[in-house]
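Here is a friendly walk through one protein chain. Have a look at it first, and then we can go through it piece by piece.

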Amino acid sequence: VVGILDYGLAKVADLKIKYVISPAVSYGSPITFVEELNPGPEKMSEAILRMVPSVDDKIENVDGKTIYSGIIQVVKFIHKRICLQNGSWVRCFGRLTWPRISELIISNFLSKVVPEDASKLADFQKIIDHTSEFEAALKEMMFISASDNKDARLSNFAENVEVHFASRKKTEILAKARNLLLQCDFAVPQESTGKDPICKNDGMAVDSSEHVVDLLFMSERCVVTKAASQLMKLVHQILQDICLSSTRVAFEFYHAARDAILLYEAIVPVKLERQLEGINQVAVLMHNDCLYLSQEILGFAFEYHSDFPSSIKEHAVFADMAPRFHLMAEEILQRQIQIVIFNLREALDGADGFQNTHQIQQFESAKFSIEQVVFILEKVHIIWEPLLLPSTYNRSMCTVLESVFSRITRDILLLDDMAAEETLQLQRLIHLMLENLSSLLESLAAVNQKGKTEGDFARPLDDLIPSLCKFRKLAELLDMPLRSITAAWESGELLSCGFTLSEVQCNLFSRYFCWVLNSCYVLGLSVLEISFHSTFKTVDEFCFRDLIPYAIICIFFFFIN
């Protein structure tokens with residue numbers, strides 16, 4: 001009998017769920033129920049529960065009262081007409097239908113009325129009250145258990161609406177941040193590619209574009225991507241919501257803010273992997289983004305922490321994220337510098353150590369290498385100067401120039417037995433390079449001078465590029481008399497330019513020793529020719545030891561020079 005009863009109630013329950021409960025909880029299409037009693041023969045009557053659609057196609061701002069009252073009517077009808085007010089039958093029917101009814105109410109009604117704004121959470125209290133009253137009425141009819149908390153599914157969900165709100169909001173925030181980073185093309189803003197587009201807040205005109213942002217702890221402005229600026233706007237909005245939220249919601253928002261920032265680290269380096277392998281503006285913009293994010297993260301503690309709910313102040317920390325973005329910015333910059341230096345070294349390799357430049361082919365090859373170096377440096381100058389901070393541009397460009405000047409100076413100082421024509425050609429190449437880089441060096445000097453007045457980086461340009469002074473002095477040494485070289489070394493002038501004693505002795509003096517040998521050789525040929533025509537009749541009568549006095553005289557005049 002019990003099995004037949006369970007089977008019969010199960011069939012009735014399935015039909016009730018499908019044709020009565022589901023339409024009743026369809027959010028936005030409320031239905032009212034009307035019970036009709038038709039008298040029958042022999043004191044028998046027929047009870048009919050009719051579903052009557054609401055006059056309004058859609059009721060706005062439904063608080064649950066209409067839905068709950070309709071379901072209570074259905075349960076009362078079942079309690080009285082089907083289960084004949086038998087408590088055990090009603091309880092059996094409830095066990096068969098309540099899990100599905102509660103799931104329908106949550107998915108079709110409660111989950112859809114979770115507030116989208118933290119300020120509207122208080123308005124949800126009406127729905128919580130109506131939900132509690134609804135479950136109390138079901139317990140009174142024994143449709144659900146009064147002692148088992150598992151049956152209070154709707155109240156548990158409604159009372160945890162803050163968690164549901166925060167969870168849904170967190171998902172929306174991360175989806176928005178992800179789409180923002182994926183869809184941004186990281187293009188360089190046109191207004192930021194001109195000459196000196198970034199100025200400090202000192203009364204001068206500045207670019208008001210969202211691409212130009214303030215760095216909180218550096219008193220400077222820099223150009224960033226649209227993705228970085230909009231991502232930070234989103235995070236600031238989340239932090240403002242934290243200040244107005246309850247503890248549970250604030251914790252969810254705190255984690256959402258951290259995760260949104262970390263999405264930049266997870267998405268952008270992978271997306272821009274190919275661009276980071278070359279010399280381009282995208283890599284510089286990413287460096288600026290990371291620097292900007294690190295500065296903003298450090299500012300959160302000063303801007304919002306005091307307004308956070310007291311229960312999360314100890315746990316809501318962002319400062320640990322700032323160093324990783326600052327380190328990422330520095331890694332990107334150093335990677336760009338190394339790529340530039342590698343390209344410059346490849347260009348200088350074509351000069352073959354600047355050997356034999358007195359030969360036309362070797363000179364042209366060395367000149368072409370110098371022109372390639374100048375081209376690369378000008379390209380880097382055009383890319384870096386409008387986008388990097390002045391101090392960062394100054395430091396990075398000086399590092400690159402130091403690698404160039406030190407490499408060329410070292411190659412020339414390693415040359416042995418330079419001919420007189422060769423020294424003149426080397427000097428010509430040095431002057432050519434300095435002339436072509438004059439505008440670049442002047443711009444660096446101007447940036448450096450501006451830094452001196454503002455107290456940011458007051459070191460002289462020769463200190464930032466130690467090899468520059470040595471490079472310039474090398475051009476003078478190539479045709480300087482030995483006596484002048486000796487005087488310059490003794491006065492400390494060469495030492496102050498970066499020359500070492502071994503470089504002066506082994507490389508510069510060897511050039512003059514070669515000149516002495518060449519002079520003796522030329523003198524010997526001259527004497528030989530004279531001897532043939534005036535003194536000696538045959539070659540056999542000529543002796544090379546006759547040249548010794550002439551060689552001694554040549555060396556004497558060389559040293560007194």
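How many salt bridges does the structure hold? There are 12 salt bridges, a salt bridge being a side-chain nitrogen of Lys or Arg within 4 Å of a carboxyl oxygen of Asp or Glu.

Before the details, a word on the source. This is a predicted model, where local features need pLDDT of at least 70 and side-chain atom pairs count only at pLDDT 80 or more, while totals for chains, interfaces and linings use all residues. Residues are numbered from 1 along each chain as its sequence is written, and side-chain values use heavy atoms, with hydrogens and water left out.

Now the overall picture. The chain has 20 helices and 4 strands; these are DSSP runs numbered from the N terminus, with helices being H or I of at least four residues and strands being E of at least two. Of the 561 residues, 45% are buried. Here, buried means under 20% relative accessible area, exposed means over 50%, and partly exposed is in between (1.4 Å probe, protein chains only). Take the contacts (heavy atoms within 4.5 Å) between residues at least 6 apart in sequence: 73% of them join residues at least 24 apart.

Next, the inside. In soluble globular proteins, nonpolar side chains tend to be buried together. A nonpolar core is a set of buried Ala, Val, Leu, Ile, Met, Phe, Trp, Tyr and Cys residues joined through side-chain atoms within 4.5 Å. The largest one here has 99 residues, and Ile 105 and Tyr 264 have the most contacts inside it. Helix 8 (residues 247-271) gives the most to this core, with 12 residues. Leaving aside neighbours within four places in sequence, Tyr 264 is in contact with several residues, including Leu 181, Phe 186, Met 286 and Phe 325. There is also a second, separate core of 64 residues, with Cys 398, Ile 408, Ile 412 and Ala 475 among them.

Look in the loop between helix 11 (360-384) and helix 12 (390-413). Pro 386 is buried, with a relative accessible area of 12%. Val 223 is 163 residues away from Pro 386 in sequence, yet their C-alpha atoms are 8.6 Å apart in space.

| Asp 214 | Arg 221 | 2.9 Å |

Glu 277 is partly exposed, with a relative accessible area of 48%, and Arg 335 is partly exposed, at 36%. Glu 277 lies in the loop between helix 8 and helix 9, and Arg 335 in helix 10 (residues 322-349), so the pair ties together parts that are 58 residues apart in sequence. At 27% relative accessibility, Glu 330 counts as partly exposed, and so does Arg 395, with a relative accessible area of 38%. Elsewhere, salt bridges that share partners join Asp 349, Arg 407 and Asp 411 into one network.
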